[in-house]
Amino acid sequence: MTDPTPLSSLSSALADVVARTAPSVVSVHSHRSRATGFVWKGGLIVTADEALADEGEVEIGLPDGSRAAATIAGRDHTTDIALLRTDAAVTPVKLAATVPPLGTLAIVVATNRDTPSAALGMVSASGNGWRSLRGGEIDARIELDVRLRASQQGGLALDASGAAFGMAVLGPRRVLVIPTATIERVAAQLETRGRIARGYLGLGLQPVRLDDGLGAMVMNVDKAGPSAAAGIRQGDVIVAVNDQKLSGVRALSRTLGPSSVGAVVDVAARRGGEPVSFKVTVGERPEA
């Protein structure tokens, strides 16, 4: 028997990593959508919210080839995390609280057409936390140089030692990883509350350009909302929040994360061209 080569040793090690993780990975079927999920805790499965249909029944494909019913325990569009509940007994995966360094090998263990799949790539970006376009707080920026099919969204991203450092999802022109810290934080809230608390001002805003910068005109006010209680009216133009000039309506929305609920913010506005100010206690966004 010939001695193993470095390449064959690496191949065997990667295959072993995939084999150890695959029993915790399931396929997710919702309406006409297919995705991947993994068992976070007994009876609870994490998957990519973007790949989950908005209506219809949910079913999961188990590692043994059978299928089981599942229900949506909660979902958070801003971090792309959804939590499913099932009675099926599948081994949970242990998530590692690590952020892999730039240039390290990464393996995505997922499913494709109900069959276990694996993809090998490299960590092409590794950095500090960031805020998604929908306002979600992501604890670390991790990008992978790997090709991923839509049905593989929600798969586990592993390092070469087999440590699961997050969930792989399809971002704009790149594959992103929702890191373990974000999954643990969001999934725990979805398990207990079914949703993530978000800040709420109770305003409908339209961006307007002013002589000295940008503003946001109040188009409508929720009469039961926090801004109405503070005295803001339709037609007011918001120009600054907490002494920071407004950079846009979307930027303002992004500041209304979970930690903003209950905070008191100073809102500077103009009413009929005259400056006015308000103290608004940020509320919790009501369920849709």
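Modeller: A charge sits over a ring if NZ of Lys or CZ of Arg is within 6 Å of the ring centre and within 35 degrees of the ring normal. Keep that in mind. This is a predicted model.

Biologist: What makes the charged end of Arg141 a case of this, and which ring is involved?

Modeller: The ring belongs to Trp130, and the charged end of Arg141 is 4.3 Å from its centre. The cut-off is 6 Å. The charged end of Arg141 therefore counts as sitting over the ring of Trp130.

Biologist: How many aromatic pairs does a search of the whole structure find?

Modeller: The search finds 0. To pair, the ring centres must lie within 6.5 Å.

Biologist: Now helix 2. How do you know what its 14 residues should span?

Modeller: Helix 2 runs over residues 180-193.

Biologist: Which residues of helix 2 are called buried?

Modeller: They are Thr180, Thr182, Ile183, Val186, Ala187 and Leu190. Buried means under 20% relative accessible area.

Biologist: How do you know where they lie around the axis of helix 2?

Modeller: Their arc around the axis is only 145 degrees, which puts them on the same side of helix 2. An α-helix has 3.6 residues a turn, so residues three or four places apart point the same way.

Biologist: What comes just after helix 2?

Modeller: Gly194, with a positive phi of about 80 degrees.

Biologist: Last, the largest pocket. What volume does it have, and how many residues line it?

Modeller: Its volume is about 570 Å³. The lining has 20 residues. Asp76, His77, Ile196, Arg198 and Arg285 lie nearest the centre.

Biologist: What gives the most to that lining?

Modeller: Helix 4 does, with 3 residues. Strand 5 (67-76) and helix 4 (249-254) each supply at least two.

Methods. Residues numbered from 1 in each chain as written. Predicted model: local features only at pLDDT ≥ 70, side-chain atom pairs only at ≥ 80, totals over all residues. Heavy atoms only, no water. Helix = DSSP H or I, 4+ residues; strand = E, 2+ residues; numbered from the N terminus. Expected span 1.5 Å × (residues − 1). Buried < 20%, exposed > 50% of the residue type's maximum accessible area, 1.4 Å probe, protein only. Arc of directions from axis to C-beta. Phe/Tyr/Trp six-rings, centres within 6.5 Å; stacked < 30°, edge-to-face > 60°. 1 Å grid on protein atoms, 1.4 Å probe; cavity = no way out; pocket = protein on both sides within 12 Å on 5 of 7 lines; lining within 4 Å. Points joined across faces, edges and corners; volume = space filled by probe spheres on them.
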